[in-house]
Amino acid sequence: MAVTEFQPPELGEGQDAALEVFERFLPEQTYEGVPLVGRDLSKAFGGIRALREVPLIEVPPHTFVGLIGPNGAGKSTLFNVLNGFTSPDTGEVILFGQDVTKKQPWDRAKLGMSRTFQANHIDLDLTTFDNLLAGAFQLIRGGLFTATFRSSKNYADEQKARVAAKAVARLLGLEPVLNVMARNLDFAAQRRIEIGRSLMSGPRLLLLDEPTAGVDAHEAKELVALVKRMQVDLGLAVLLIEHFVQAVMENCNPIYVLDQGTLIASGTPSEVSKDPKVRASYLGESGTGKHA
Amino acid sequence: MLRRYASVLSPNVPLWSYGVLLAVAVGWVLVVPKFWVFLGGAACLLAISALGLTVVVGWAGEVSLASAALVGTSVYLTGYLVRADGQHLPFLVGLGVGMLVAGALHSFAALATAKLSGIYVMVLTLGLQVTIERTVFSVAKLTGGAEGVYLSRPSFLGLHFDSDTSFYYLCLAALAFVMLFLTLFRQSRHGRAMLLVRTNREAAAAVGISPWRYKILAFAISGVLLGLAGGMTAPLYRSPPTLLQYLSFASLFLLAVPVTAGSESLISVIVVAFTFTMLPAGLEELHLRLSPNIVGGAGLLTGTYIGARGIGGALLDKLRDRRESATLAAAGLSGPTVELRDGREPAVIDTVPVGATRRPPRTRTRVPAGVGANGGELVATPAGLAAALSNGSGLVLPPRPGSQLDGRR
């Protein structure tokens, strides 16, 4: 009996085709509930209280939520607590309705959460394509032997992931450098690879930790707009830490503001920008538009 | 069906060269003296050990100093299980047990250091090496003690591997299988996961990969391959080698192979393993004495100087970079660059490439200021710029084509 080889989906021309292919690659949303809720979270490192009972951080479905605050405000600690790299002293983290406070980061990723980091954590000795493909780990089936010796199911998943990686590359403007080693690319392209790798893990909730760090103002604006577009198109929930306040104000709603481990404000961009505590501690009297 | 395995062959290497390689690997033993055929078998087994270590050193980013003990354990255990005055089991059974035990011991070391890395893993694996030396190697029943033991070469599936040539082919087949397995593994989801764990554990965890699991897997695969090399070494020598060959110093020798070759190319690991085995014997024919340990030491130094990508990686990088610069130029991205402006003139004075792999110049460089304010020269410090722009430095200014940088901002 002839074995019919799996035919991978075709990637047509243009952004829409790429989006369609990538949407098909994303797993079915199987979890109900609000994507992310952090409640009463505290964390101290010795005598330093990085988080002081942050009452509520909520990322509703299909929203682009911003988290801002000056350096040392506790934003990255909060991210690490939400993501599972740091366990909180008090409080709980609810992911798609499940209490994941004690779960490991990779278990949280299986529920549909992914994140990027302030510094680039891509493999500079791999091509753009291989870096992107590494993100698809949990969407490709196969144990040690079935994946190594390429069982039919594994091979089909691999082919789908390869086409999806090309689609993501196109969406992120990385298509021309798909087979170029990451070390030969500029920093902004490397940031995009990191975001692309997170997308390849098939998240429904994406945590972005200063994706524009180290990128010039023009590029930063472009990058945040690109993420916003993907968030809308793919129906993701995104929590964004960003020093580029203008980009947060233009794209995010709601916005949370942390200062010295305390949540000092939350609400719509206009509510946050008018909040006297925020103006005093972070934005300055001149208002928004500061690239801190 | 074959299409799914096509990626094993590099698209940049012509198909005929694989045929030539196969012909050379099979044919050279037919035209050389027996001694060299024997060495060929030994080189294949060293290559298998080194490939096993490459999984830990190159792909998982850890260092194991227990490799010689694991090879030795399998040498003596397999030898004991298959020899007539031992358990007299079929060779493949004895070999399988040797591989499993070596894999289990190596995994145990990884388990004990699951949350640690670097120096702690090195110390613990060195501890495992010494423990095996003091326990397994002191069991006379296994090693044969001072008298030594005789071991016949295996026969199975109707095939006899008694001659040096036939045993070489057995070793070559094992090496080819290991090569195929590792190439397929490296390209699988698990291989990619292992590399991502090496790059950054947190980044791996963020996409659903358990770093601990892949560290343990790397040590397990490595242990099994070291066990395979050990189990086949026993019949190669007919009498298992003295335990002096498997003491801690030998672990450093084994480590030298993947360190010299790098993790980028498995072929380069095999080439280095053959060189390490053949070079001292070749020089001896010319009446020049060179201890294999000196070869190993020189390899470690060379590998350390070249860097983590080793000789294989360095050569491939040269070829790749040339190819990729054309791709980048075609895409309008000529690689990381910085534009220099003198602050008073809007026009760009010069563009300085800041490749991440480029060694920054150590001296201040004068950049001709074609449109400088005074028509003179603008003194720039590409070294400083390159350092600031280097991803590894922690400073993350943007090496983006077209980024404006006036030497101050």
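Visitor: Which helices of chain A each supply at least two residues of the lining of the second largest cavity?

Guide: In this predicted model, α7 (187-200) and α8 (217-234) of chain A each reach that number, and α8(A) gives the most, with three residues.

Visitor: What makes a residue part of the lining, and which residues line the second largest cavity?

Guide: A lining residue must have an atom within 4 Å of a cavity point. Those that line the second largest cavity are Ile195(A), Leu199(A), Leu206(A), Val227(A), Met230(A), Gln231(A), Leu236(A) and Val238(A). By class they divide into seven nonpolar, one polar and no charged.

Visitor: Why is this space called a cavity and not a pocket?

Guide: The word cavity is used because a 1.4 Å probe fits at its points but cannot get out, whereas a pocket is an open set. The volume of the second largest cavity is about 40 Å³, and the structure holds two cavities of 30 Å³ or more.

Visitor: Turning to the charged pairs, why is the pair of Asp317(B) and Arg183(A) called a salt bridge?

Guide: The closest N and O atoms of Asp317(B) and Arg183(A) are 2.8 Å apart, and the rule asks for a side-chain nitrogen of Lys or Arg within 4 Å of a carboxyl oxygen of Asp or Glu, so the pair qualifies. In general, side chains of opposite charge can pair when their charged atoms come close.

Visitor: How do you know what this pair joins?

Guide: Asp317(B) lies in helix α14 of chain B, while Arg183(A) lies in the loop between α6 (152-171) and α7 of chain A, and therefore the pair joins two chains.

Visitor: How many residues does each chain bring to the contact, and what area is buried?

Guide: Chain B brings 54 residues and chain A brings 60 residues, and the area buried between them is about 4800 Å², of which carbon and sulfur atoms give 58%. Of the area that chain B buries against chain A, Arg4(B), Arg189(B) and Arg192(B) supply 16%, more than any other three residues.

Note on methods:
Residues numbered from 1 in each chain as written. Chains lettered and ligands numbered in written order. Predicted model: local features only at pLDDT ≥ 70, side-chain atom pairs only at ≥ 80, totals over all residues. Heavy atoms only, no water. Contact = heavy atoms within 4.5 Å. Buried area = accessible area lost by both parts, 1.4 Å probe. 1 Å grid on protein atoms, 1.4 Å probe; cavity = no way out; pocket = protein on both sides within 12 Å on 5 of 7 lines; lining within 4 Å. Points joined across faces, edges and corners; volume = space filled by probe spheres on them. Helix = DSSP H or I, 4+ residues; strand = E, 2+ residues; numbered from the N terminus. Nonpolar A, V, L, I, M, F, W, Y, C, P; charged D, E, K, R; others polar.
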